[in-house]
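Here's a quick briefing to read alongside the structure. Have the viewer open as you go.

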Amino acid sequence: MALNHNNIALEEMASSLLADKAMYNYIGIFDQASADKVILEVNDLLNHHDYSLKIRKKAFCITIEVVQNLFNYLCCNDVVYNKGIFLIHNNINEVAITSGNYIRKTEVNSIKSRIDLINCLTSEELRHFYRRLLEISSFSIQDAGGAGLGFVDIAKKSGNKIEYDFLDIDNEYVFYIFKIII
Amino acid sequence: MDNYTLQPGSKTPFMQFNMTSGVFEISGRSIPENSIAFYKPLLDWVDEYVKSPNIKTVLSIKLEYFNTSSSKCLVELFRKLESVNEKSEVTVQWYYDEEDEDMLESGQDFQFILAIPFELIPMEE
């Protein structure tokens with residue numbers, strides 16, 4: 001994705017992403033209720049669409065990971081920075097899932113290096129990496145997320161590379177865009 | 001010790017863990033945001049069960065969807081059952097829709113990292 005804007009408003013960003021007509025879009029505050037709403041609505045949408053069972057299940061599983069990941073990365077209770085976008089585009093025999101949310105600049109390198117590593121792996125290497133992460137995963141309240149399994153699972157299920165971008169917002173925040181094609 | 005039973009929610013599975021028969025079941029969806037908090041009571045129950053397990057324990061898993069944070073909790077559950085397996089017979093039965101290759105692959109991933117009998121059972125649509 002080549003989206004280079006400075007100090008761009010969320011709505012403008014969403015509009016540029018929506019230009020090629022999303023079959024589903026959510027733009028606004030991301031809290032528990034809206035995350036649940038998105039997951040529920042995407043489930044209904046996919047069930048009423050003419051995709052194969054395989055694509056439907058992959059798209060729904062990836063939606064869950066993307067939405068919950070987005071929710072985990074939200075910038076606390078700040079009314080400006082806890083907004084996000086979630087879009088689904090329908091191409092021929094393909095589903096494209098895009099999310100966007102504000103993150104602190106200090107998190108950029110960690111996210112970038114994890115995705116770059118995953119994007120370098122073949123499908124067989126991804127599977128071994130996933131098993132290794134699963135094997136060493138720990139059950140602790142401090143580590144309540146997916147232990148880094150989420151990105152690997154998304155890449156594994158989609159069979160495609162993860163696309164991402166970080167748009168400069170201000171001194172402290174960037175707008176993090178994540179895209180995957182199924 | 002009572003049986004552990006939990007009715008399903010929109011993001012959480014049905015669970016029935018029978019203390020006296022050793023027959024356990026998890027089915028439906030497991031996609032809670034905070035899987036650790038959701039699975040903690042079950043894992044505490046299993047800690048007690050492990051102290052005096054049934055002669056035979058069978059855990060059937062029939063999940064439609066699960067998120068990656070649930071997969072960590074399932075690994076934790078399986079690890080606890082591995083310790084039961086040192087004292088008595090334990091089997092995990094992983095059911096999957098025969099058209100759902102991702103769910104089959106997930107079962108194979110668990111099977112690969114675990115040291116307990118782990119059966120992969122296809123279900124017709």
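Predicted model: local features only at pLDDT ≥ 70, side-chain atom pairs only at ≥ 80, totals over all residues.

Residues are numbered from 1 along each chain as its sequence is written, chains are lettered from A and ligands numbered from 1 in the order in which they are written, and side-chain values use heavy atoms, with hydrogens and water left out.

**Chain A layout**

- Chain A has six helices and five strands, where helices (H or I, at least four residues) and strands (E, at least two) are DSSP runs numbered from the N terminus.
- Going along the sequence, the order in chain A is α-β-α-α-β-β-α-α-α-β-β.
- Of the 182 residues in chain A, 52% are buried; buried is under 20% relative accessible area, exposed is over 50%, and partly exposed is in between (1.4 Å probe, protein chains only).
- Take the contacts in chain A between residues at least 6 apart in sequence: 68% of them join residues at least 24 apart, with contact meaning heavy atoms within 4.5 Å.

**Nonpolar cores**

- The largest nonpolar core holds 84 residues, and A:F86, B:F17, B:L59, B:L74, B:F78 and B:F110 have the most contacts inside it.
- A core here is a set of buried Ala, Val, Leu, Ile, Met, Phe, Trp, Tyr and Cys residues joined through side-chain atoms within 4.5 Å.
- A second, separate core has 14 residues, including A:M13, A:L87, A:I169 and A:F175.
- Leaving out residues up to four places away in sequence, A:F86 touches a set that includes A:Y24, A:Y26, A:F30, A:V38, A:V42, A:V66, A:V67 and A:I97.

**Helix α6 of chain A**

- Helix α6 of chain A (residues 149–158) is largely enclosed by the rest of the structure, because 10 of its 10 residues are buried.
- The cover over those buried residues includes α3 (53–72), α4 (108–120), α5 (123–136) and β5 (173–181) of chain A, together with α2 and α3 of chain B.
- A:D153 and A:K157 sit four residues apart, about one turn of the helix, and both are buried.
- Just after the helix, A:G159 takes a positive phi of about 75°.

**Where chain B meets chain A**

- The contact involves 31 residues of chain B and 34 residues of chain A.
- About 3,000 Å² is buried between chain B and chain A, with carbon and sulfur atoms giving 56%; this is the accessible area (1.4 Å probe) that two parts lose on being put together, summed over both.
- Nine salt bridges run between chain B and chain A.
- On the side of chain B that touches chain A, α1 (35–51), β4 (56–66), α2 (68–85) and α3 (101–113) of chain B each supply at least two residues.
- That side of chain B divides into 10 nonpolar, six polar and 15 charged residues; Ala, Val, Leu, Ile, Met, Phe, Trp, Tyr, Cys and Pro count as nonpolar, Asp, Glu, Lys and Arg as charged, and the others, Gly among them, as polar.

**Charge pairs**

- Over all chains, a search of the whole structure finds 22 salt bridges.
- B:D102 and A:K58 pair through their side chains (3.0 Å, N to O), crossing from helix α3 of chain B to helix α3 of chain A.
- B:D102 is buried at a relative accessible area of 13%, and A:K58 is buried too, at 8%.
- B:D100 and A:K57 also meet in a salt bridge (2.8 Å, N to O).
- A network of salt bridges links A:R127, A:R131, A:K156, B:E105 and B:D109.
- Within chain B, the side chains of B:E76 and B:K80 meet in a salt bridge (3.9 Å, N to O); B:E76 is partly exposed at 22% relative accessible area, whereas B:K80 is buried at 16%.

Conventions
Salt bridge = Lys/Arg side-chain N within 4 Å of Asp/Glu carboxyl O.
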